[in-house]
Amino acid sequence: MLDKLEFIEKRYQELNEKIADPEIISNISEWQKYVKEHSDIEDVVLKYKEYKACLEQLEENKEMLKDKLDEDFRELVKLEVDELEEKIEVISEELKVLLIPKDPNDDKNVIVEIRAGAGGDEGGIFAGDLLRMYTRYAERQGWKTEMMSLHDQGVGGVKEASFLIKGKGAYSRLKYESGVHRVQRVPATESSGRIHTSTATVAVLPEADDVDIVINQNDVRVDVFRSSGNGGQSVNTTDSAVRLTHTPTGIVVSCQDEKSQLKNKEKAFKILKARLYDKMIEEQNAEIAQERKSQVGTGDRSAKIRTYNFPQGRITDHRVNLTVYKLDAFLDGDINEMLDSLITTAQAEKLQQVE
């Protein structure tokens, strides 16, 4: 660990010189790159300097104890030695956390895609519940949301929805929400009061920047058609809806919520870019067996991650074995307790890799 810290401190000093270099400052993109790297490692360097200062003070105090000292003063030095040793232990643990490799997507906005799964109409209603839950969570965080694509079922449910959440750290908070969410409850239409099990899938995709993904326009077929509502009735009389088909991957994206074909096309390309970026990340991570076996993962869309049980008023996350009994508040966006547990567990797993 100390070798890593020495290397980071040396790099920090190099970056100090680079961001003050007039030649680099004149190249705004290069300068911004160095400023970001400088900012990313600053907390580690400052904590390491504090660690070294405590070690130095500890050695000085231990040397003092070898001399003949007044008994009262000796006790004070001993007390300070004990305090410094405890502080060094705490800082050492903090440094291990700071050395955990940061996900480069953590600060990005996210595109959340929700699809109704098993359970017919009830699956669609549950998908609508999840849509509201994440929208309310974004509001609680002070983030902005923008609907990208919405296909409802006409019975108060959602067949499929894609929406953008804009906010610093959105991906870092929501990236573990990908997977199958299961609900157990008595449908309003069920006269016998039997509990039904339905599902909805959630995919959380980091919004891709232009530098992350470059799409070859020749690889995309663009089809336009008239927007339609429930039952197939026409919403408008112009071909404003857009369907993109990415030929190399077979990914299809449709947007029809805007009256403008141009706006629908813009949103569709944003979703396509996020899906392609997510696919690229998954392919890179596929080679990392340790990540695939981790308890908290973001890649397996088919994994059942959480159960929402209405009769018992509980939500259970199966990856961290955490159950909370506040179903109404949870579905109203009060999900930080669950997210904190997922993040802490993932952090603990990564800590084991930091020596």
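Good morning, colleagues. Please bear in mind that this is a predicted model.

I begin with the salt bridges, of which a search of the whole structure finds 31. One of them joins K47 to E50, with the closest N and O atoms 3.4 Å apart. Both residues belong to helix 3, which spans residues 28-64, and their spacing of 3 residues places them about one helical turn from each other. E50 also forms a salt bridge with K87, where the closest N and O atoms are 3.8 Å apart. Because K87 lies in helix 4 and E50 in helix 3, this pair ties together parts that are 37 residues apart in sequence. E50 is partly exposed at 29% relative accessibility, and K87 is likewise partly exposed, at 39%.

A further salt bridge pairs R221 with D223 at 3.1 Å between the closest N and O atoms. R221 is partly exposed at 47%, and D223 is partly exposed at 23%.

I turn next to the surface. E80, D82, E83, E86 and E89 form a negative patch. Of these, E83 sits in helix 4, residues 71-98, and is partly exposed with a relative accessible area of 48%.

Finally, the buried positions. L174, in helix 6 (residues 170-174), is buried at 1% relative accessibility. Its C-alpha atom is 9.0 Å from that of V112, although L174 and V112 are 62 residues apart along the chain. Two cysteines are also buried: C54 at 5% and C255 at 0%. The disulfide count for the model is 0.

Note on methods: Residues are numbered from 1 along each chain as its sequence is written. This is a predicted model: local features need pLDDT of at least 70, side-chain atom pairs count only at pLDDT 80 or more; totals for chains, interfaces and linings use all residues. Side-chain values use heavy atoms; hydrogens and water are left out. Patches are made of residues with over 30% relative accessible area and no salt bridge: like charges are joined within 9 Å, nonpolar side chains (Val, Leu, Ile, Met, Phe, Trp, Tyr) within 5 Å. Accessible areas come from the Shrake-Rupley method with a 1.4 Å probe; for residues, only the protein chains shown count as cover. A salt bridge is a side-chain nitrogen of Lys or Arg within 4 Å of a carboxyl oxygen of Asp or Glu. Lys and Arg count as positive and Asp and Glu as negative; His and the chain ends are not counted. The place of a charge is taken as NZ of Lys, CZ of Arg, CG of Asp or CD of Glu. Helices (H or I, at least four residues) and strands (E, at least two) are DSSP runs, numbered from the N terminus. Buried means under 20% relative accessible area, exposed over 50%, partly exposed in between (1.4 Å probe, protein chains only). A disulfide is a pair of cysteine sulfur atoms within 2.5 Å.
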